[in-house]
Amino acid sequence: MNATRILVASAIVCGAVAPPTLAAPREPPAGASGCTGCHPGSAITTPVPRLAGRDAAEIVAQMQAFRAGQRPATVMERIAKGFSDAEIQAIAAWYAAQR
Amino acid sequence: MTQRRTSRREFLKSAGAVSTSAVLLSAPALTQAAPRVAVVGGGFAGASCARALKIIDPGIKVTLVEANRTFTACPFSNGVIAGLRELSAQQFTYDKLVAHNIVLAASMANAIDPQARLISLADGSRLGYDRLVLAPGIDFRWGALPGYTEAAVDAMPHAWKAGEQTLLLRRQLQAMDDGGTVVIAAPANPFRCPPGPYERASLIAHYLKNNKPRSKLIILDAKDSFSKQRLFQAAWQELYPGMIEWIPLSQGGKVASVDPASKTLVTDFDSYKAAVANVIPPQKAGHIAEVAGVADRTGWCPINPVTFESTLVSRIHVLGDAIIAGGMPKSAFAANAQAKVCAAAVAKLLAGTEPSEAKLINTCYSLAAPDYGISIAGVYHPVNGVLTEIEGSGGLSPVDAPRATRAQEAIFADAWYRTITDEIFG
């Protein structure tokens, strides 16, 4: 972060870029930040799978199957029904890009 | 602040050769201090928000105002009451938050000046903010239930804020003779954890069935329906036949007054003498919400569902059990989900950009027995300023699900608890 700020500040002083937009927040797409309420990060293991680093197409396929009631589930079929194809794709891409 | 100074010093060192100091001092990135966010309350909502802010932008100075050194979680505390787990499994420290550069102000917020954007703390210090996040949880409406005063909680524990009260209710159940009557008084909506009183009744019944099988449990309810009702009632019939009696509002279930000395609960029609009485009193947003002016006449806090900024006081955001969240229940999952959306919005507002509309998820598990889990889930988005459940989404576990599904949901409940507490405190 410090390094980023230094670069930004140097560039401003040199007149190379427009005025600063301080933070460029790393923002997840709509709905994505809720998933980690149940899907764990790297520190712990539970029966619920990790999402970070999974193949985007695989996440999309599973979510669509949950939504269509084609894959057995406890809560995921109820949650998947709240998301459109575009939202599912954005969420899948977000998690696929995580470490 | 330290971080800012370091970056400035390094910058001066690296850029000094090409520019004059006058130019450097006039550069906006240097004169602008690190944005300051204060978070008041270190529960599921507040601690989640502090963590999320630091992930989104480590350059934001985040101060968490929390007087308790240890957080004691309410979800799963009904298991402590029933002797299924220890209170230590509910407790977390703020060490990892501090390790992630969140400043811990181990004090209480006494007053807030929204004009000066200053918080007065109980230790005499003052804390300025650019954005304030209030996550005060709930307080009880003392006086709303005649006889149930702050002095009554020893005789008739509420156990609705986890900690000593949780252990007290457990000890009272353990000391009770077989054949005793346990009475739970459940409040009208809204209140923290809507299925909580009924999960508690279930797990206490589980304890009684195994240890004091001649005992009974009565729920005196100030309402005519409750969360996951059909699922709970089916479970009670299957697991604890004849043990739990639920008396709804329309059958005289509303408790009008209590007498702690005799452990008696009085309704309009009857009076109930309890061996163990658990009174879950009427509630409102935590006290500091009133002090800050963000609670309305209902006692709860109206918010903008995109940013969670108060609709009453600008630059103050409110989260969790304290807010009027439309269709979202007062659950730990909801508090955590709201906190992450709020953190993203706060970061954008501090950067001068427009927060984007989010979608929020809630998933809430209850246990009817240690191996019998049921759930409610929902997906929400803002509609005309109100968090509204998306049509066709969400809902309850099926009423006719086999026991294998209940067992699986109990496992997922445990997984949820470990995951969410790891995300926040780990």
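Two residues are in contact if their C-beta atoms, placed from the backbone, lie within 7 Å. The model shown is predicted; local features need pLDDT of at least 70, side-chain atom pairs count only at pLDDT 80 or more, and totals for chains, interfaces and linings use all residues. Residues are numbered from 1 along each chain as its sequence is written, while chains are lettered from A and ligands numbered from 1 in the order in which they are written.

**View 1. Packing of helices α4(B) and α11(B).** Helix α4 (residues 44-56) of chain B packs against helix α11 (residues 332-351) of chain B at an angle of about 35°, and their axes are 8 Å apart. Axes are lines fitted to C-alpha atoms, for helices over the stretch in contact, with angles from 0 to 180 degrees between N-to-C directions. Helices (H or I, at least four residues) and strands (E, at least two) are DSSP runs, numbered from the N terminus.

**View 2. Residues where α4(B) meets α11(B).** The residues of α4(B) in this contact include F44(B), L53(B) and I56(B), and those of α11(B) include A332(B), K340(B) and V346(B). By class, the contact has 14 nonpolar, three polar and one charged residues. Ala, Val, Leu, Ile, Met, Phe, Trp, Tyr, Cys and Pro count as nonpolar, Asp, Glu, Lys and Arg as charged, and the others, Gly among them, as polar.

**View 3. The two domains of chain B.** Chain B is divided into domain 1 (2-140 + 284-356) and domain 2 (150-281), with bounds from an automatic or database domain assignment. Their C-alpha centres lie 35 Å apart. Each domain of chain B gives 20 residues to the contact. On the side of domain 1 that touches domain 2, α5(B) gives the most, with five residues.
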